[in-house]
Amino acid sequence: MADLRISGLHKYYGSMHAVKGIDLEIPSGEFTVLVGQSGCGKSTLLRTIAGLEEIDQGTVQISGQTVNDLAPKDRDIAMVFQNYALYPYMKIFDNIAFGLRARKVEKTEINKKVDHVSKMLSIDHLLDRYPRQLSGGQLQRVAIGRAIVREARIYLFDEPLSNLDAQLRDEMRGEIKRLHKELGKTMIYVTHDQIEAMTMADRIVLIRDGKIEQQGTPSDLYDRPKTKYVAGFLGSPSMNFITARVVTQGLGYGLILENTAAQLKMPENVSQRIGEYLGSNILIGIRPEHFSLNNESKPEDSGTTIEVSIDLVQPTGARTYVSFKIGQVTAVAELNPRDIRQNESNLTLNVDVNRCVLINKDTEFSI
Amino acid sequence: MLKKLSLPKIRKLGFKYQLIAPSIIILLIIGLFPLVYTLVVSFQGITMMDNDTSFHGIKNYVAIADDTRFWGALFHTVMFTVIALPIELFLGLFMAQLFIEKLPGRQIFIALLVLPVVVAPIVSGATWSLLLDNRFGPINQIINWFMGEELTLLWTINPTLVYPAIFLAEVWQWTPFMFLLLLAALSAVDKAQLEAAAIDGASYWMIFTKITLPSIWPVMAVAILIRGLDLFRLFDIVWALTKGGPGTMTETISTFTYVKGFQQFETSYTGAVALLIIIILSFVVIGALRKVELSR
Amino acid sequence: MNAKLKKNFKTGLRLAGAVVLTILFLFPIYWLFMISFKTADEIYAYPPVWWPESLQFSNYAVLFKDGDAATVGNSLIVAGTSTVFAMILGTTCAYSIVRFKTGGDHLANWIISQRMIPPIAIVFPVFILYVWFGLVDTYFGLILLYTAFNLPYVIWMMRGYILDIPISLEHAALVDGYTRWQVLWKVIFPMCRAGLFATAIFTFVFAWNDFIFALVLTRTEVATYTVQVTHYFGGQSNFWGKISAMSVLGTLPIFFIVAFMQKYLVRGISLGAVKG
């Protein structure tokens, strides 16, 4: 049974239409990530679930019960906030116990629960301190502890890691994922960071401009994006989009990349889909890792290689990113560092045409 | 779009009005009632002798137009404002410049310099009447030392000395106010901008007018607004020093209204005066608030 | 070396300027305090006595013997009580305005404009109102007026302090299971403790230092110390000893309070425009 069901949800701020009709079902025990650019309405959606924003239209149901008219405190939810929302005038213990006290939990029970949770998050040595005496990472753990100590039905996370530095963020990602495994609770996590979405989610809900653009497992969205926006949003560096004209090639179809002589031969299963675009322009989306170096020309590679001249080489250690021009478009390829020799200015690259995304230039839907 | 009122909305609506209701009620009693009452009474003919509540039209307003004493009071008020305010501003700015950089005992100096601001204005008026007393006051004594002869300056009676006397008290009490605000504003000026300008070879004067002044202007504007409005209702210091005298030479709008309303009991006339003041000031305040953006 | 010398010289010059300024600005206060400790002979000596022979308290003793010192008690009662009321009402009002945008910008602007109306224009009709209701020369009347007069200030200041509180703290408490009233009590008040304290001090000082309202609305029963000071100004001669002693009684507490308030002074007197 779905733990959370949202139907036809709208939210306005004055004349601004922040959430434009969202329908969403979140199954029990799932880790769902709401991802999107800032201002897309994902935080508003989360706060509507929490009851911190009023619903202008539509319903929110938790465990089959409509909660539109319930105050936040009666919805049996817990929430982790972006800026931690810890009370500076309370010790860490009291911060964690604050929600339990609101619910009139017995004192010995509170002690037991706070103790348990703080050990789970390895913050048990900090209970006597004030928030100002803690580091960012420690504060984040306390904020999470404050939420999970409540044993709520649904846990909400509002960009909880965005104030941490990169290393801590990696660590906390793992921590939250581990908590989800241990607790088995329904968690809804909002972020603008597509890496967080990819690494943590059971299911990603990508929101754009107040509407759901696509939802599914991380690999659904990454490998089979429904729109150009989804394709471009996920992955870093992001997908290269190149305009190409559909032409006949052999028995099937090929693509001539705009402003170049390069022609890519499309495999059979792709060919079927692009037949109707013959003679017109479409977009081909190639992820950086779908380029590879063509070391020796093998006959099976023919028709799927392009010649490029290097603009910039950016080594990062494990991988090396190479920028080059395809026609007018700057594209990036992710290559093995050993493949790039110094002072090399031209490369022949293989394109993994099986994994390319083809997009209708007008509708921006994938083909 | 249908906007139905849901239960928490109504509850919340109640909550937010519960919170403000007591304050608004009190403000209406003490803020709005006087306005309405003053408006009504100003069209009547109530004096000490005659409780005449019949409609007199704009008789009182016409009388104000002809009342040289009222215009004199308004003139003095404006004069005190336009003279005292720049003095306080420049003196305050000068003092702030003096203390902006490190100085031994800086905090103590500032703490001491601020004291006049918190003295009750009536007490500072009383203090200055002690200081300026022609015989027992120290100011005349000091002047005598410098002049080398016995002068008995009648500060609060002599028509040419009475204005300086009021300015002395006023400037003494409120320059520290300007000083404190401008010091805070100067401390908030971006040091990097000043250093960049110095490296670019800008002169001290250029740095001051092109960088410092524009960045402290918002605070300066607020300070001018607050002090300007205070000066416009100047009462306590004048009351303690001269009670508006000699004659009506130092009468301000506030002392004039007080005398009319509470010593001569010209109720309706005073009502008209009070309303006129509120109207004049409303325009000033609305205009000034727009410019200053106190709320930011 | 030369540059250092020049810098030292400049600092020395500034220090000298600071000392002179401080002496100039403190001298009136010194004079006021000193006179209160002088004997009548010293007060009315010519040329003036710059430093009294001995500190003596007869000027104060007279005030206490005649019961005049009770006016300081009146000041304390009216300023203290009205401060408590203004703080409670004003803070809750400010919270409503900040969090629910109650009344929009218009209400906030109307409230601050109340602060700008000259007291003389308010006190005149209020006096008439008080005569009708028999509130002249009563604690209640004066407390009500000071509460009303200080409300705009409290609302305006607390609005600023509440705006500084991250809204997520309130949201966290709401999600955690607290009602709106509990949030106000358990989150908002503790979060702006310092602001509450600072604003209360200024509210108190405004009421304490007021003269014109007390002058009009009191007679004998609840006359405050500022009114009492002016009673010692005679037609021909002034009672300097009483004036100064009464002034000191009223001023000294304020000095002590302000000594602890340095941090909040700028924000308080600039109506929150300068965060200091």
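A residue counts as buried if 20 or more other C-beta atoms, placed from the backbone, lie within 10 Å of its own. This is a predicted model, in which local features need pLDDT of at least 70 and side-chain atom pairs count only at pLDDT 80 or more, while totals for chains, interfaces and linings use all residues. For selections, residues are numbered from 1 along each chain as its sequence is written, and chains are lettered from A and ligands numbered from 1 in the order in which they are written.

Select chain B. Of its 296 residues, 41% are buried. Colour chain B by secondary structure to find 13 helices and two strands (DSSP runs: H or I of at least four residues for helices, E of at least two for strands). Show the C-alpha trace, which spans about 75 × 70 × 30 Å along the principal axes of chain B.

Next, display contacts in chain B (C-beta atoms, placed from the backbone, within 7 Å). Of those between residues at least 6 apart in sequence, 68% join residues at least 24 apart.

Move to chain C and select 2-56 as domain 1 and 62-269 as domain 2; the bounds come from an automatic or database domain assignment. Their C-alpha centres lie 33 Å apart. Six residues from each of these domains of chain C take part in the contact. On the domain 1 side, α1 (2-36) and α2 (40-43) of chain C each give two or more residues, and α1(C) gives the most, with four.

Methods
Buried ≥ 20, exposed ≤ 12 C-beta atoms within 10 Å, placed from the backbone. Contact = placed C-beta atoms within 7 Å.
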